[in-house]
Amino acid sequence: MKDLFAEVLGKPFGIVLYQLLDATQFTIYLSLIAFLGGGAIAMIVTAARVAPGRFLSGLSTAYTWLFQSVPLLMLLFLLGLGVPHLFSLRIDPWTAAGVALTLYTSAYLAEVWCGAIFAVPGSQHEGGKALGLTLFQIMILIILPQAVRLAIAPTIGFMVQIIKGTSLAYIIGFHDLMTVGKRWANSPVPGTQPFVIYPLMAIIYFSLCFPLSVWSRRLEKRLGSASSKSGGNVAA
């Protein structure tokens, strides 16, 4: 495949483009790991946040504040360089980048999902109590279906931030689009100057992020109009 790119597009541009596209798969893999892993942790944090009792709620709030306050770059440094040096551990870049982005993602998704739950009007909860439903039934049957509708668009929109956040993982040696691009931009090979390489990288990142942004905006409009219609029907 590399030879085909080189033959069609010429050297070194064809080889550069092939390697950039090949490295993009690792950017996508890391983004998926962060989103799925962060989403799983965020579900636990969100459940603790809305659970009765101050201890779990306070613990989940502290978790969210901690990983929202620490920059992603600092998390990558700590897990990829700091922890291995301090504790004489060998942590490969995949593990360090995956854990750092997962923690970062979990905090923000938990905040989004908690906000969606708290955005459901309190009258919904009171109506469920009037029907004799338990707190668990109210949450499952009444609150969560409405909260999910509110959270879908910002959740998909945050995937854009995850993809862009993976570009920082090169500092700990993670092999992805940014790493390969910087390597070519710093090489002495004619035709691989930064003003050639970085626009190519920007186009690739744009092609990954733009569809998600459009999808998020369309969902926000669609779900927003659906919510307004359902609200009008209830008021009627």
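Which hand does the crossing of H2 and H7 have, left-handed or right-handed? The close-up views described below come from a predicted model, and the first of them takes up this question.

**View 1. The crossing of helix H2 with helix H7.** In this predicted model, helix H2 spans residues 13–50 and helix H7 spans residues 135–165, and their axes come within 12 Å of each other while crossing at roughly 145°. The crossing of these two helices is right-handed. On the side of H2, the residues that take part are Thr 27, Ser 31, Ala 34, Phe 35 and Val 50, and they meet Met 139, Thr 155, Met 159, Ile 162 and Ile 163 of H7.

**View 2. Phe 118 in helix H5.** Phe 118 is placed in helix H5, which covers residues 93–119. Exposed means over 50% relative accessible area, and Phe 118 therefore counts as exposed, with a relative accessibility of 51%. Once the neighbours within four places in sequence are set aside, Phe 118 is in contact with Arg 49 and Val 50, and Val 50 is also one of the H2 residues that meet H7. Between Phe 118 and Ile 143 the separation is 25 residues in sequence, and their C-alpha atoms lie 9.0 Å apart in space.

**View 3. Ile 143 and the largest nonpolar core.** The largest nonpolar core is made up of 35 residues, and Ile 143 is listed with Leu 30, Phe 67, Leu 76, Ala 97 and Leu 109 as having the most contacts inside it. At least two residues of this core are supplied by each of H2, H3 (54–69), H4 (72–87), H5 and H7, and the largest share, 12 residues, comes from H5. Ile 143 itself, leaving aside neighbours within four places in sequence, is in contact with Ile 117, Val 120, Gln 124, His 125 and Ile 138.

View 4. Ser 106, like Phe 118, has its place in helix H5. Buried means under 20% relative accessible area, and Ser 106 is therefore buried, since its relative accessible area is 0%. The side chains of Ser 106 and Tyr 63 are joined by a polar contact of 2.7 Å. Not counting residues up to four places away in sequence, Ser 106 touches Gly 38, Ile 41 and Ala 42 as well as Tyr 63.

Technical notes
Residues are numbered from 1 along each chain as its sequence is written. This is a predicted model: local features need pLDDT of at least 70, side-chain atom pairs count only at pLDDT 80 or more; totals for chains, interfaces and linings use all residues. Side-chain values use heavy atoms; hydrogens and water are left out. Axes are lines fitted to C-alpha atoms, for helices over the stretch in contact, and angles run from 0 to 180 degrees between N-to-C directions. Helices (H or I, at least four residues) and strands (E, at least two) are DSSP runs, numbered from the N terminus. A crossing is left-handed if the near helix is turned anticlockwise from the far one by less than a right angle, and right-handed if clockwise. Contact means heavy atoms within 4.5 Å. Buried means under 20% relative accessible area, exposed over 50%, partly exposed in between (1.4 Å probe, protein chains only). A nonpolar core is a set of buried Ala, Val, Leu, Ile, Met, Phe, Trp, Tyr and Cys residues joined through side-chain atoms within 4.5 Å. A polar contact is a pair of N or O atoms within 3.5 Å; within protein, one must be able to donate a hydrogen and the other to accept it, and residues adjacent in sequence count only if both atoms are side-chain atoms.
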